[in-house]
Amino acid sequence: MRTVSLGGLDVSRIGLGAMGMSAYYTGAGQGDDESIRTIHRAIDLGVTHLDTAELYGPYVNEELVGRAVKGRRDQVVLATKFGLVSHLGRPGADSSPANIRLAVEGSLRRLGTDHIDLYYQHRVDPDTPIEVTVGALAELVAEGKVRHIGLSEAGPATIRRAHAVHPVAAVQTEYSLWTRDPEAEILPVLRELGIGFVPYSPLGRGFLTGHMRSLADLDTDDWRRTNPRFADGNLERNLHIVEEVRAVAAEVAATPAQVALAWLLAQGGDIAPIPGTKRVARVEENAAVDGIALSADQIARLSNLAAAKGERYDMGNMAAIDR
């Protein structure tokens with residue numbers, strides 16, 4: 001598989017998001033053995049970029065990834081996140097230096113490693129200046145516990161301020177055919193500063209695979225049932241996006257998921273999406289995207305689709321996004 005540089009950190013062009021193996025989605029937490037087989041198959045296919053976070057579970061997803069990479073640590077780039085779990089009893093986000101110290105030790109232990117390749121601030125902490133947070137992360141880099149630092153859902157001004165303190169390797173934000181927000185301001189700043197971009201939910205939280213036609217396809221505790229893109233009839237209103245993806249997929253003898261990922265890869269050589277799955281067949285499907293090329297006309301058709309109906313998060317979660 002081809003690789004891409006995230007601010008000097010080489011990763012596979014297609015990564016693997018591990019969150020859904022343990023939390024939030026239909027089937028999460030059911031069948032760790034299957035999830036571990038999926039991670040092993042991903043590595044065999046050249047997928048080196050594995051993404052997790054202490055929040056997922058919390059903790060159990062990092063433990064799962066740690067078990068999966070035991071004996072294969074040198075074959076993968078481990079990315080995890082801190083800041084949405086306070087180990088100091090503080091409510092809300094906590095990116096204080098004291099909390100970071102506690103968080104990193106826990107993540108290292110659960111992942112079974114002596115260093116984290118890419119350590120993200122999960123959300124910007126309004127109560128801790130980004131310069132203070134990045135200063136604490138820079139100390140971890142100097143100590144060898146962290147190799148590269150990243151930001152998740154950070155706005156342009158925060159990215160600039162952080163990068164001025166210590167180089168930021170990557171920024172992670174939702175980006176897909178139904179979430180185009182980063183194109184206006186985030187991507188231009190990242191390219192100016194030489195920072196890599198990691199789109200999460202590149203398959204529109206599973207919607208762009210074409211397998212989801214109604215809320216009945218989701219477990220009763222699946223968080224997407226309350227997400228504005230899916231709730232109140234918006235899932236059905238957004239099916240026009242999937243239909244065009246299906247049409248292109250038929251033209252190139254690919255699956256809708258592969259077309260959605262191929263469109264993302266066509267947006268630039270500095271983009272490394274992390275589609276999530278817990279199934280071997282799906283990771284094989286996603287990894288094969290590296291060999292699929294869309295025509296200029298197909299890319300344009302997809303790019304010109306009408307925007308998705310509904311916000312990408314509810315009000316509470318949107319308030320936590322730094323803009």
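**A walk through the predicted model**

The structure holds seven aromatic pairs. Here rings of Phe, Tyr and Trp (its six-membered ring) pair if their centres lie within 6.5 Å; planes under 30 degrees apart count as stacked, over 60 as edge-to-face and the rest as tilted. One of the pairs joins Tyr 175 and Trp 263. This pair is tilted, with 5.8 Å centre to centre and 55° between the planes. Tyr 175 sits in the loop between strand 8 (168-174) and helix 6 (186-193), while Trp 263 belongs to helix 9. The two are 88 residues apart, so the pair links distant parts of the chain. Helices (H or I, at least four residues) and strands (E, at least two) are DSSP runs, numbered from the N terminus.

This is a predicted model: local features need pLDDT of at least 70, side-chain atom pairs count only at pLDDT 80 or more, and totals for chains, interfaces and linings use all residues. Residues are numbered from 1 along each chain as its sequence is written, and side-chain values use heavy atoms, with hydrogens and water left out.

Helix 9 (residues 256-265) also packs against helix 8 (residues 239-252). Their angle is about 95°, and their axes are 8 Å apart. Axes are lines fitted to C-alpha atoms, for helices over the stretch in contact, and angles run from 0 to 180 degrees between N-to-C directions. The two helices are therefore roughly perpendicular to each other (65 to 115 degrees; under 35 is roughly parallel, over 145 roughly antiparallel and the rest oblique). Which residues of helix 8 meet helix 9? They are Val 245, Arg 246, Val 248, Ala 249 and Val 252. Helix 9 brings Pro 256, Val 259 and Ala 260. Contact means heavy atoms within 4.5 Å. By class, this contact has seven nonpolar, no polar and one charged residues. Ala, Val, Leu, Ile, Met, Phe, Trp, Tyr, Cys and Pro count as nonpolar, Asp, Glu, Lys and Arg as charged, and the others, Gly among them, as polar.

Two local features lie in loops. A cis peptide bond joins Gly 57 and Pro 58, with omega about -5°. Pro 58 lies between strand 4 (49-51) and helix 2 (60-69). Glu 153 is not a glycine, yet has a positive phi of about 55°. Glu 153 is found between strand 7 (146-152) and helix 5 (156-165). Most residues other than glycine have a negative phi, and most peptide bonds are trans.
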